[in-house]
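Visitor: I'd like a close look at one part of this model, the contacts between side chains. Please walk me through the charges and the rings.

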Amino acid sequence: MRQYIIAGNWKMHKDSTETRELCEAIRKGHTPDSRFELIVCPPFTSIPAAVESLSGTDIAVGGQNMCWESEGAFTGEVSASMLLTSGCKYVILGHSERRQYFSESDQLIGKKVQLALSSGLLPIVCVGEVIEDREAGRTEDVVGNQFDGIFADIDKTGFDKCVLAYEPVWAIGTGKTATPEMAEEVHKFIRGRIASKYGDESADKMRILYGGSMKPSNSTELLSQPDIDGGLIGGASLKAENFLGISSTVK
Ligand code: PGA
């Protein structure tokens with residue numbers, strides 16, 4: 001059985017004070033449950049507040065991005081070891097907003113995945129198609145190419161430490177969720193791709209999260225699909241009741 005992951009991507013929300021409040025509320029409402037792991041990914045400056053507020057719990061903290069180089073003259077960037085030593089266990093890489101607004105390519109994301117792994121961070125790697133691709137029937141081509149590009153130089157040992165997230169770009173922050181069947185189809189396709197590249201054992205173990213307008217009212221159906229192993233949640237992760245409401249639908 002794969003352990004589910006319910007991860008909150010806070011994006012550019014919550015300063016340190018608000019982070020403490022939200023973490024406190026999540027902590028109070030959460031009962032440890034071996035069926036899932038909870039992760040919160042606040043903005044960089046709020047990571048120490050989250051780590052402190054959640055210490056002594058089983059709730060993990062992750063970054064939302066990191067630099068592709070380990071250190072140096074990269075103004076404005078944050079390194080893998082900085083995230084790790086700040087208390088992060090995970091890092092989200094290749095989110096569609098990074099691709100869209102910061103021109104991140106699959107090759108660059110692949111470099112970041114390699115560095116995260118060699119630094120001891122667990123990457124949550126995002127893939128997903130834009131609406132034009134879906135409407136033109138190119139979803140599997142696009143997602144498959146993203147997968148191949150990102151993982152071109154990553155061996156099985158490294159790959160097995162990753163978590164994947166399928167996030168159809170047209171469903172992110174729009175209130176339009178992929179139907180459970182639509183999401184399951186792509187998750188199944190991704191699992192097949194993993195099996196071809198890394199073998200059945202890796203495919204079987206890999207957690208593939210769904211992201212895109214997940215909320216308590218649609219998470220039961222999404223999370224009950226055989227190849228959906230959790231959620232990467234934006235908007236609904238900013239309120240403890242919604243975030244925990246989603247985790248309570250893990251069966
Ligand atoms: P959303 O964001 O839940 O607000 O659609 C998901 C994400 O971008 O990870």
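Predicted model: local features only at pLDDT ≥ 70, side-chain atom pairs only at ≥ 80, totals over all residues.

Residues are numbered from 1 along each chain as its sequence is written, and side-chain values use heavy atoms, with hydrogens and water left out. The pLDDT (the predictor's confidence in each residue, from 0 to 100) averages 97 over the protein chain, and 100% of the residues score at least 70.

Now to the salt bridges, each a side-chain nitrogen of Lys or Arg within 4 Å of a carboxyl oxygen of Asp or Glu. The count comes to 16. One of them joins E104 to K112, 2.8 Å from N to O. Both partners are buried (under 20% relative accessible area, where exposed means over 50% and partly exposed in between, with a 1.4 Å probe and protein chains only): E104 has a relative accessibility of 6% and K112 of 1%.

E69 and K111 form another salt bridge, with their closest N and O atoms 3.7 Å apart. E69 lies in the loop between β3 (60–63) and α3 (80–85) and K111 in helix α5 (residues 106–119), so this pair ties together parts that are 42 residues apart in sequence. Helices (H or I, at least four residues) and strands (E, at least two) are DSSP runs, numbered from the N terminus. E69 is partly exposed at 30%, and K111 is partly exposed at 40%.

D33 and R35 also pair up, with 2.8 Å between the closest N and O atoms; here R35 is partly exposed, at 41%. Beyond these pairs, salt bridges link R2, R191, D227 and D229 in a network.

Next come the rings. Phe, Tyr and Trp (its six-membered ring) pair if their centres lie within 6.5 Å; planes under 30 degrees apart count as stacked, over 60 as edge-to-face and the rest as tilted. By this rule there are six aromatic pairs. W68 and F74 have ring centres 5.5 Å apart and planes at 70 degrees, so they meet edge-to-face. W68 is partly exposed at 28%, and F74 is partly exposed at 30%.

F147 and F159 are edge-to-face too, 5.9 Å centre to centre with 80 degrees between the planes. That pair links distant parts of the chain, with F147 in helix α7 (residues 139–150) and F159 in helix α8 (residues 156–159), twelve residues apart.

Last, the cysteines. A disulfide is a pair of cysteine sulfur atoms within 2.5 Å, and a search of the whole structure finds zero. The sulfur of C41 has its closest cysteine sulfur in C88, 7.7 Å away, which is too far for a bond. C41 is buried at 0% relative accessibility, and C88 is buried at 4%.
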